Amino acid sequence: MAVTLQTLILTPRPSKMLSSWHRNSHFRASGSLRFSPFVTFSPGRSISRPIRACRPSDQDFASSTGLNWAKPLLKIAADNFLPLACFIMLCGALIGGVAFGFANPSLGCLADKYQLSKFSTFAIFIVSGLTLRSEEIGAAAEAWPVGIFGLFSILLFTPYFSKLILQVQLQPQEFVTGLALFSCMPTTLSSGVALTHLAGGNSALALAMTIISNLLGIMIVPFSISKFIAAGVGISVPTKQLFKSLVLTLLIPLILGKVLRESITGLSEFVDQNRKLLSKISAIFLSLVPWMQVSRSRSLLLMVKPQVFLVAIWMGTLLHLILLASNAFSVWSLSVISGDAQSVFAKKENTNAVVLVASQKTLPVLVAVVEQLGGAFGESGLLVLPCVAAHLTQIIMDSFLVNFWLRRDKDLSSNNAKVA
């Protein structure tokens, strides 16, 4: 409501008081009166000037409009806290390692000379063995058909995409070859299970697929590389030697970590209570690998045009989108073929688990494979760098997907509650 005062009588004041009052003429009183600064004072003169009072709602609106632009950003940050957290943690380790390799290559080259990469890979899989909780694997027995499909997709189906990737002409060719190798890898060691748990999926099924695919992958990956990639680029891969190397660098530390967890009293409880700390330690060990690879290949990487690297990132993103779509469509098709709404393929928790786990590829195994190949497919730094970006991209994309699922389920439950 606007209030108008027709006449205001001003009596003369001393010059000091008047100047002091005039300096504060922009002051807005608690009563919401707004004074015009353009008022001329004359002794004994009356001034007829309308003075309007602002409505409280107008004042609140004026004070809040300055923050209106930030509300959408704050809402996005709140709705997508999970992917933002994953982005910060992973980028802080992997991209930090890459940046440090560019900034100070001499130290990374020295670490590579003393084969610190093998130690870091060994340590990563010891930590993975320590954190593997197999108590709930028996709970996945009910969904064994979904697990079989997941293993088939991870180890036998998705490696076929490496042939499509190799058709892309890009310089340096190591970017393309690295992504082709990446498609032949087993699933991630921890992020797939963690995201499945957050999405309300069958985490026991996800854990079972993760353990079994990584164990079988050590035997199958060398043959997949030899069949799909080595033949495509005209290189012969020593399959038996690669298999032995992967057993020593991946399987043995994984089993060792698991044995230590089960045999030492209280260790499993300590590990479960400090999983965040162990995840950070594992991320640090993982960041050492791209640091050393980039340090060794810095001169070649500086010759790569930025747009070429962006194309490689786009290829990794497209690969993950194709894997998500193909796995989701395959599970949906199997649920339709089964024709039963109670089928294991029709249950949402099983679908979430297999779509997430079967669509992700692990970076540590890729790094171990590149190390053992000894430059057979090109410069190792150029092979690993696009896979680091693809690894980050798939985790962030799946985090957004999990957030979408959670919001959708929340909306459905609220709508059902309103109907009831």
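Angles under 35 degrees count as roughly parallel, over 145 as roughly antiparallel, 65 to 115 as roughly perpendicular, and the rest as oblique. The views below show a predicted model, in which local features need pLDDT of at least 70, side-chain atom pairs count only at pLDDT 80 or more, and totals for chains, interfaces and linings use all residues. Residues are numbered from 1 along each chain as its sequence is written, and side-chain values use heavy atoms, with hydrogens and water left out.

**View 1. The protein overall.** The secondary structure comes to 19 helices and 2 strands. Helices (H or I, at least four residues) and strands (E, at least two) are DSSP runs, numbered from the N terminus. The protein has 420 residues, and 45% of them are buried. Buried means under 20% relative accessible area, exposed over 50%, and partly exposed in between (1.4 Å probe, protein chains only). Of the contacts between residues at least 6 apart in sequence, 84% join residues at least 24 apart. Contact means heavy atoms within 4.5 Å.

**View 2. Helix 10 against helix 19.** Helix 10 spans residues 191-198 and helix 19 spans residues 380-419. Their axes lie 10 Å apart, at an angle of about 15°. Axes are lines fitted to C-alpha atoms, for helices over the stretch in contact, and angles run from 0 to 180 degrees between N-to-C directions. Helix 10 and helix 19 are therefore roughly parallel. Ser 191, Leu 195 and Leu 198 of helix 10 touch Ile 395, Asp 398, Ser 399, Val 402 and Leu 406 of helix 19. The contact residues divide into 5 nonpolar, 2 polar and 1 charged. Ala, Val, Leu, Ile, Met, Phe, Trp, Tyr, Cys and Pro count as nonpolar, Asp, Glu, Lys and Arg as charged, and the others, Gly among them, as polar. Buried residues in helix 10 are Ser 191, Gly 192, Val 193, Leu 195 and Thr 196. Gly 200 follows helix 10, with a positive phi near 75°.

**View 3. Helix 17 against helix 19.** Helix 17 (residues 348-359) crosses helix 19 at roughly 165°, and the axes come within 11 Å. The two helices are therefore roughly antiparallel. On helix 17, the contact uses Lys 348, Asn 352, Val 355, Leu 356 and Ser 359. Their partners on helix 19 are Gln 394, Asp 398, Leu 401, Val 402, Trp 405, Arg 408 and Asp 409. By type, the contact has 5 nonpolar, 3 polar and 4 charged residues.

**View 4. The nonpolar cores.** A nonpolar core is a set of buried Ala, Val, Leu, Ile, Met, Phe, Trp, Tyr and Cys residues joined through side-chain atoms within 4.5 Å. The largest has 90 residues. Met 185, Ile 225, Ile 229, Val 354, Leu 366, Val 369 and Phe 377 have the most contacts inside it. Helix 11 (residues 203-233) gives the largest share, 13 residues. Beyond its neighbours within four places in sequence, Val 354 contacts Val 146, Phe 149, Gly 150, Met 209, Val 331 and Ser 359. Another core, of 6 residues, lies apart from the largest one and includes Ile 126, Val 127, Leu 267 and Leu 278.

**View 5. Ser 282.** Ser 282 sits in helix 14 (residues 275-296). Ser 282 is buried, with a relative accessible area of 17%. Leaving aside neighbours within four places in sequence, Ser 282 is in contact with Ile 124 and Val 127.

**View 6. A cis peptide bond.** Most peptide bonds are trans. Gln 171 and Pro 172 are joined by a cis one, with omega about 5°. Pro 172 lies in the loop between helix 8 (161-165) and helix 9 (173-183).
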